[in-house]
Amino acid sequence: MQTDNPKTIFIVYAVKEEFIPLTVEGYNIKHICTGVGKTKSATILTKNICLNKPDLVLNIGTAGTLSHNVGDVFIPIRFRDRDYEATKLPGIEYEIDGLELIRPNSLKDWVLNYEKLGVCSTGDTFITEANPSYGDVIDMEAYALAYVCKELNVPFLSVKYITDIIGQNSVEHWENKLADARSGLMSWFDKYKFFPLIYC
């Protein structure tokens, strides 16, 4: 691995309970707590990119689901703003192709071989009632973070640990599963050591 010019990686998460002490030798890692919701998370990320543009923004965190299992770790490859999608007004774009944000190609190829890929639905409400249009995972920040990275030409990857099934006491399950999420994500990153691909 190259170390003379270390790559800078922003690891961004919404709340302090999602923080994991992820460090990678030979990389300049910066952990950033963005806060909850699209506006705050986009603002915090934009400020940090303007101060020090990273080689990758890695969004880690928790999500709900309708059709998968608690404990699954998903990589979203499409991001939808469910608030914009619900308005159904002409000319409003509400979807981002996440694959276009994954660079370099070596990292994209690795992602495409991962078994749990899907759509992330983002909005400014904590969803507690099922709606089949929401996709694979549901959160409150990922679309906004992906949008910032798209506009500022920064590679972006999101990794989501499923903590709750929508409609089954989602808030309580999410709170109770935060410790499991931290442990599960650390184990996941220990297993899938893809960071060297950023140098390829």
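**Entry 1**

I began with Arg 80, which is partly exposed because its relative accessibility is 22%. The cut-offs I used are these: buried is under 20% relative accessible area, exposed is over 50%, and partly exposed is in between (1.4 Å probe, protein chains only). This is a predicted model, so I noted its limits: local features need pLDDT of at least 70, side-chain atom pairs count only at pLDDT 80 or more, and totals for chains, interfaces and linings use all residues. Residues are numbered from 1 along each chain as its sequence is written, and side-chain values use heavy atoms, with hydrogens and water left out.

Next I looked up the partner of Arg 80. Its side chain forms a salt bridge with that of Glu 95, at 2.5 Å from N to O. Arg 80 sits in strand E4 and Glu 95 in strand E5, 15 residues apart, so I logged a link between distant parts of the chain. A salt bridge here means a side-chain nitrogen of Lys or Arg within 4 Å of a carboxyl oxygen of Asp or Glu. Strands (E, at least two residues) are DSSP runs, numbered from the N terminus. Glu 95 is partly exposed, with a relative accessible area of 29%.

**Entry 2: Arg 78 and Asp 97**

I then checked Asp 97 and Arg 78. Their side chains meet in a salt bridge of 3.9 Å, N to O. Asp 97 belongs to strand E5 (residues 95-97) and Arg 78 to strand E4 (residues 73-81), and this pair links distant parts of the chain, 19 residues apart. Asp 97 is partly exposed at 23% relative accessibility. Arg 78 is partly exposed too, at 29%.

I put the four residues together. Arg 78, Arg 80, Glu 95 and Asp 97 are linked in a network of salt bridges.

**Entry 3: Lys 160 and Asp 139**

I moved on to another pair. The side chains of Lys 160 and Asp 139 form a salt bridge of 3.0 Å, N to O. Lys 160 is in strand E8 (residues 156-165) and Asp 139 in strand E7 (residues 137-139), so the pair ties together parts 21 residues apart in sequence. Are these two residues buried or exposed? Lys 160 is buried, with a relative accessible area of 2%. Asp 139 is buried as well, at 4%.

I also noted the total, which comes to 8 salt bridges.

**Entry 4: Cysteines**

Last, I searched the whole structure for disulfides and found 0. The test was a pair of cysteine sulfur atoms within 2.5 Å. I looked up two cysteines. Cys 33 is partly exposed, with a relative accessible area of 39%. Cys 50 is exposed, at 62% relative accessibility.

Technical notes: Helices (H or I, at least four residues) and strands (E, at least two) are DSSP runs, numbered from the N terminus.
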